[in-house]
Every structure is written in C-alpha cells, then in structure tokens.
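Dear colleague,

Here is the structure I said I would pass on to you. Please look it over, and then read the notes that follow it.

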Amino acid sequence: MSLISNGGRPIEILLVEDEAEAAETTMEALRDGRVRNRIHWVEDGEEAIAFLRRQNRHAAAPRPDLILLDLNMPRMNGHEVLDIIKQHPDWRRIPVVIMTSSDNEKDILMAYDRHANCYITKPLDIDKFIEAVRSIEDFWLSIVRLPAA
Amino acid sequence: MSTDRKPAVVEILLVEDSPDDADLMSDALKEGCLNPHITVVDNGEDAVHFLQQQGAYATAPRPDLVLLDLFLPRKNGHEVLAEIKRDALLRRIPIVILTSTDNEEAIRAAYDLHANCCVTKPADQEQFAQAVKKIESFWLRVTRR
C-alpha cells in the first residue's frame, strides 16, 4: 500500500557506505522491494556532499528523497555529514536514516541530537541485515510521506 | 528477539484532538506485540507541558514515541515540533507526524522542523490501523533509541 504521491517516478536513495559488501547487500535488498527506487552509492562523506552539491562526476545527480548514512567512514564521518545536511536550509528536510554497525550509546545520542531521522544498527547476520533493509523499505518507501523537493 | 519474556512497557504519547482517531490509534497500538502505555492529549499546549514534565504533568513519563497531529487547538503541531526539537534533550524523542492533511507545504514545514517522519492518515479505517501498527513496529522494534 503505497501512499506516496511522487508522480510515479522512482524514489531516489543516496546510500553512503564505505564497505562494498554492506552496500551490495543493501542495494540488492532495496532492488527486490515493492516500491520503485534508484540507489546512488557513494563511499564516503565527502562524496556524499559532492553528490548533494551536484559537483564533479555528480553534476547530473538527482536530489535524494532519502539518505542511508553509515557513521564510520574515511575522509568525513557520518556525524559530520549529518551535521552539514541538517544545518543546510534545503537539504535538512531530506530524511536521514543512520545505518551503522555501531551500537554505541554515544553515537546513537549524537545522531539524534543532530536530528538524524532514525538510527538503525546493522545486524551482523546477513539475513537479519536484509530484513532490516526491508523494514526500511517497508516503512520509509511505503508508509511515510516523503517531503517534496 | 525473545518472545517468552514480557516486554518492558513502552510509553507512547498521542497528540490528537479527534476522539475517534485517538481511539482507533490506541486500539491499533495495543494490538501490537509490545506493551504500550498510551497517553492521549488533545491539544498542543498540553503536549508541550507533558513532554517538559511541567505543571499537572510533573510526573509524566518520558515517551519512547510521539504521534503528533498537525492541526490542533491551543498550539498546533508545527509549534509543538519547533519547541520540542529545539530542546537539547527532548529533541531525541522520535516524533511521527500523523495527519490528515495532504498539504505539501505543511509536510515540508514539518520536516524542516525536524519531524522524524510524516505519515498521512489513510481515509480507510483498516489501512489507518495498519499504518499505526507499522509505525509502532518500525519505531519501537527496528530503530535504536
């Protein structure tokens, strides 16, 4: 039951994840979902910002409807990316789902303090990981009314 | 997740001025596997006082989840959002906007004010109940708090 009125276009998802295996699993799980989506994968925080700014190789990047953001990454970690996004007058309304292997209390609090929309700890077990991604798809791409650009 | 131990009570605050909607939402929440303790307030001012544990709400429990309508008497949902999400500690509480408005501007404004997410209330009662259960399930079982 899709309640989104996005005019039939696919939902654009920006996946910010430095581990290739985790990224592949996430993309597979989302591709199998019910709601049409397009995943754009970048491997670190700096690329994520370049994507949002449509810089360099991201010149034709669409505006993401949803961002899946890892925390522990090289060159700019997820907390810094989150801060930049949520302080930006335009990007701040893009929902950011933190998806990280950290279940450290400090990381969780810091993420919510910086207005992460939600925080999910990546399960180690691959089946549970896929289930978690499916839950994200089932909720954020089906029930939630995503903001228009 | 262990199914043979009684889950800890989860506190849910419903900010909803329609008694029918509040009833439907409470019933749907109680049908989930969790053990929710639900408080309903029907206006924005009471919602803020409840969350700030002020006045009559001095001993109010801190909610694990807030379902907030936008159009409310005595302080609307956007104002409640703005106040709570400005607060250094209260901002951590997930606030799900659950509203009948389809208005793009209102939804955008809610996200600008850092609503965790927005859900449009389905007109169909069964779908509405399903949506509430999905909200509960996602926020109280999938996400970390």
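At what angle do α5(A) and α5(B) pack, and how far apart are their axes? In this model, which is predicted rather than experimental, helix α5 of chain A, residues 126-143, packs with α5(B) at an angle of about 140 degrees, and the two axes are 11 Å apart. Since angles over 145 degrees would count as roughly antiparallel, the two helices α5(A) and α5(B) are therefore oblique to each other, and their crossing is left-handed. On the chain A side the contact is made by A132(A), S135(A), F139(A) and I143(A), while A131(B), K134(B), I135(B), F138(B) and V142(B) supply the chain B side.

As a check on the geometry, the 18 residues of α5(A) should span 26 Å at 1.5 Å a residue, and the end C-alpha atoms of the helix are 25 Å apart, which agrees.

In total, 23 residues of chain B are in contact with 24 residues of chain A. On the side of chain B that touches chain A, α4 (104-112), β5 (117-120) and α5 (125-142) each supply at least two residues, and the largest share, six residues, comes from α5(B). Sorted by class, that side of chain B has 11 nonpolar, five polar and seven charged residues.

One of the contributing elements, α4(B), also has buried residues, namely I107(B), A109(B), A110(B) and Y111(B), and what covers them includes α3 (77-86), β4 (95-99) and β5 of chain B. Just after α4(B) comes H114(B), with a positive phi of about 75 degrees, although H114(B) is not a glycine. This residue lies in the loop between α4 and β5 of chain B, and with 20 C-beta neighbours inside 10 Å H114(B) counts as buried, because the cut-off for that class is 20 or more.

A positive phi is also found at R74(B), where the value is near 55 degrees, again in a residue other than glycine. R74(B) is placed in the loop between β3 (65-68) and α3 of chain B, and with 13 C-beta neighbours inside 10 Å it counts as partly exposed.

With best regards

Technical notes. Residues are numbered from 1 along each chain as its sequence is written. Chains are lettered from A and ligands numbered from 1 in the order in which they are written. This is a predicted model: local features need pLDDT of at least 70, side-chain atom pairs count only at pLDDT 80 or more; totals for chains, interfaces and linings use all residues. Two residues are in contact if their C-beta atoms, placed from the backbone, lie within 7 Å. Helices (H or I, at least four residues) and strands (E, at least two) are DSSP runs, numbered from the N terminus. Ala, Val, Leu, Ile, Met, Phe, Trp, Tyr, Cys and Pro count as nonpolar, Asp, Glu, Lys and Arg as charged, and the others, Gly among them, as polar. Axes are lines fitted to C-alpha atoms, for helices over the stretch in contact, and angles run from 0 to 180 degrees between N-to-C directions. Angles under 35 degrees count as roughly parallel, over 145 as roughly antiparallel, 65 to 115 as roughly perpendicular and the rest as oblique. A crossing is left-handed if the near helix is turned anticlockwise from the far one by less than a right angle, and right-handed if clockwise. A residue is buried if 20 or more other C-beta atoms lie within 10 Å of its own, exposed if 12 or fewer, and partly exposed in between; C-beta atoms are placed from the backbone. The expected span of a helix is 1.5 Å times one less than its number of residues.
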